[in-house]
Amino acid sequence: MNNIIKSTYLRRAGTFCAGCVLTVAAFCGGLAPAFAAEQHNTIANRIMQLQQSSQRWIEIDLSRQKLIAWEGNKPVYAVNISSGKSSTPTRTGTFAVQTKYRVARMTGDDYDVPDVPYTMYYDGGNAIHGAYWHNLFGNPVTHGCTNVAVNHAKWLFNWASVGTPVVVHKSEI
């Protein structure tokens, strides 16, 4: 009789624990996809707003490693980019050009690059800028910035102004 009671108790305790784990997983595990979906909707809505305007704006597609300069719904310039590598990814979201520098020095824990041409900061320390030190455009190799060839960076720098919207997203290829 004691064995039956212990067996029933253990079965109920196991079922209870499993229920608790599933409940926690359902509430906590679902937060990341919900946040991702919410951010995706925000980005999609912003793109629709910009395409319905005549405003200049910049789209950075991390999946395709492309940057497109738009005037409303008309693409006016497109280039290959290098965005952040997996250990230092480029953040997705909607931003705006905050500051512009003809030449800037960029430093981090493991890099110090002088004379970075045509730098446009749009997300804290992340910027669109020319890269004279590599020719790996189309591949994620940066510390989070968006690298373009120097001649393309010059065009973008002259075309965009402080306040120009920048939309960074991952497309579904």
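The charged end of K100 sits 4.4 Å from the centre of the F157 ring, over its face; such a placement requires NZ of Lys or CZ of Arg within 6 Å of the ring centre and within 35 degrees of the ring normal. This is a predicted model, in which local features need pLDDT of at least 70 and side-chain atom pairs count only at pLDDT 80 or more, while totals for chains, interfaces and linings use all residues. Numbering starts from 1 along each chain as its sequence is written, and side-chain values use heavy atoms, with hydrogens and water left out.

**The chain as a whole**

Let's step back to the overall picture. The chain holds 3 helices and 9 strands, where helices (H or I, at least four residues) and strands (E, at least two) are DSSP runs numbered from the N terminus. Along the sequence they follow the pattern α-α-β-β-β-β-β-β-β-β-α-β. Of the 173 residues, 36% are buried; buried means under 20% relative accessible area, exposed over 50%, and partly exposed in between, with a 1.4 Å probe and protein chains only. The chain exposes about 10300 Å², and carbon and sulfur atoms supply 57% of that area, computed by the Shrake-Rupley method with a 1.4 Å probe. Among contacts with a separation of 6 or more, 57% come from residues 24 or more positions apart, a contact being heavy atoms within 4.5 Å.

An open sheet is built from 5 strands in the order 3-2-1-9-4, with mixed pairing; two strands pair if DSSP finds at least two bridges between them. Its edges are strand 3 (74–80) and strand 4 (93–96), each of which pairs on one side only. On average, neighbouring strands of this sheet are turned by 20° against each other, direction ignored.

Strand 1 (residues 56–61) and strand 2 (residues 66–71) run antiparallel and are joined by 6 bridges, with E59 opposite I68 of strand 2. Strand 2 also pairs with strand 3 in the antiparallel sense, over 6 bridges; there, W70 has P75 of strand 3 as its bridge partner.

**Aromatic rings**

The whole structure contains 7 aromatic pairs. Rings of Phe, Tyr and Trp (its six-membered ring) pair if their centres lie within 6.5 Å; planes under 30 degrees apart count as stacked, over 60 as edge-to-face and the rest as tilted. Two of the pairs are listed here.

| Pair | Type | Centre to centre | Between planes |
|---|---|---|---|
| W57 and W70 | stacked | 5.3 Å | 10° |
| Y101 and Y121 | edge-to-face | 6.1 Å | 75° |

W57 lies in strand 1 and W70 in strand 2, so their pair ties together parts 13 residues apart in sequence. Both W57 and W70 are buried. The other pair links distant parts of the chain, with Y101 in strand 5 (residues 99–108) and Y121 in strand 6 (residues 111–123), 20 residues apart. Y101 is partly exposed, at a relative accessible area of 39%, whereas Y121 counts as buried at 16% relative accessibility. Finally, Y77, W155 and W159 form one aromatic cluster.

Notes: Axes are lines fitted to C-alpha atoms, for helices over the stretch in contact, and angles run from 0 to 180 degrees between N-to-C directions.
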